[in-house]
Amino acid sequence: MLLEHIIMFYKIATEKSISKVAQNNHISQPALSQQMQRLEEELDVKLLERSNRGIELTRAGQILQKYAVQFMNLYGDLKEELDNLNTGSSTFHITATSVACNYALPCSLYKVNRQFPNHAFHLASAPSSDVIRQVLDDRTDLGFIVGKTDSPELVCKEAYRDKIYLVGRSDYLIDPRITLETLKHYPLILLNESFSSYRILCDYIKQLGYPVNNFHVMYRLDSTESVKSAVQAGHGIAFLPYIAVKKELYQKQLKIIEIEKFDLDYVVYSIHKHSSTDIRTSEIIDYFVANIDKSIC
């Protein structure tokens, strides 16, 4: 199986058009169709179906699309390591949950980069479960997750703590202090189930006697920024980590709405393998972990 065929398949799956991908990649449409046919023959499955809406993926095609991303990422990592070997440089990879990646780590990474100027640093986001897998598979050097992992292969240390607050637009009509019972009467915007902070929130309010489905949840969104945008537009109120909204709170674009008997912390942990064959990588990990809580943005 050629990686090139998998890459072309992924492009077709994304564009939903063989002709468009053929044109964009300067290859004839019949030649590209033959590549897809050979890929189907090798895997012994049907991957693509033609319809009035263009190309549709079969169930097998959907599965390959998922793994194609991993193939391409691994190939990129391989190329990067080989390039580093040739140039004598090195790239240190950090993968973190989206809130930590976007709001907590950039300033810490700046400080680490100044301490280790001969290294390049790569920061990416992923759900906690994916971060754990990437560290275990040696695809990333250092991870940051919400909640602990009990994997015996990993060192797991508390990196920093944050609070989850209920926030609304600064002029949103609501009392400055409410109860969870009162919250039922207001439109609520939430992160979706892939976010650890969402699951922590659901577990916490359920313990207080309020399952999340008791509230008027307008919709669930797949990024902190999209939730903030909806709140700033006045569409509702939302539970968000303090680190993600502190700038908007300072600028008085958002406000905190206090809830009686509600006090929710969450903990972000650093994870890495017990030992590294690269002494310099171990030094970076030790420095990063020791200084993370002092250099958060």
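Tutor: Let us begin with one residue of this predicted model. Glu-258 has a relative accessible area of 43%, so Glu-258 counts as partly exposed.

Student: With which residue does Glu-258 form a salt bridge?

Tutor: The general idea is to look for a side-chain nitrogen of Lys or Arg within 4 Å of a carboxyl oxygen of Asp or Glu. Here the partner of Glu-258 is Arg-177, and their closest N and O atoms are 2.9 Å apart. This pair links distant parts of the chain, for Arg-177 belongs to strand β7 and Glu-258 to strand β11, 81 residues apart. Arg-177 is also partly exposed, with a relative accessible area of 43%.

Student: How many salt bridges does the structure hold?

Tutor: There are 13 salt bridges in the structure. One of them joins the side chains of Glu-193 and Arg-220, at 3.7 Å from N to O. Glu-193 lies in the loop between β8 and α8, whereas Arg-220 lies in strand β9, so the pair ties together parts that are 27 residues apart in sequence. Glu-193 is partly exposed at 44% relative accessible area, and Arg-220 is partly exposed at 35%. Salt bridges may also share partners: Lys-163, Asp-263 and Asp-265 are joined in this way into one network.

Student: What is the N to O distance between Arg-169 and Asp-171?

Tutor: The closest N and O atoms of Arg-169 and Asp-171 are 2.7 Å apart, and the two residues form a salt bridge. As to accessibility, Arg-169 is partly exposed at 28%, and Asp-171 is partly exposed at 48%.

Student: Is Glu-40 buried or exposed, and which side chain of opposite charge is nearest?

Tutor: For burial, one compares the relative accessible area with a cut-off: under 20% is buried. Glu-40, found in helix α3 (residues 29-43), is buried. The nearest side chain of opposite charge is that of Lys-46, 4.3 Å away. A salt bridge requires a distance within 4 Å, so Glu-40 has none.

Student: Which backbone atom does the side chain of Glu-40 reach?

Tutor: The side chain of Glu-40 reaches the backbone nitrogen of Leu-47, at 2.9 Å. If neighbours within four places in sequence are left aside, Glu-40 is in contact with Val-45, Lys-46, Leu-47 and Leu-48. Lys-46 is thus among the contacts of Glu-40, although Glu-40 has no salt bridge.

Technical notes. Residues numbered from 1 in each chain as written. Predicted model: local features only at pLDDT ≥ 70, side-chain atom pairs only at ≥ 80, totals over all residues. Heavy atoms only, no water. Helix = DSSP H or I, 4+ residues; strand = E, 2+ residues; numbered from the N terminus. Buried < 20%, exposed > 50% of the residue type's maximum accessible area, 1.4 Å probe, protein only. Lys, Arg positive; Asp, Glu negative; His and termini not counted. Polar contact = N/O pair within 3.5 Å; in protein donor to acceptor, adjacent residues only side chain to side chain. Contact = heavy atoms within 4.5 Å.
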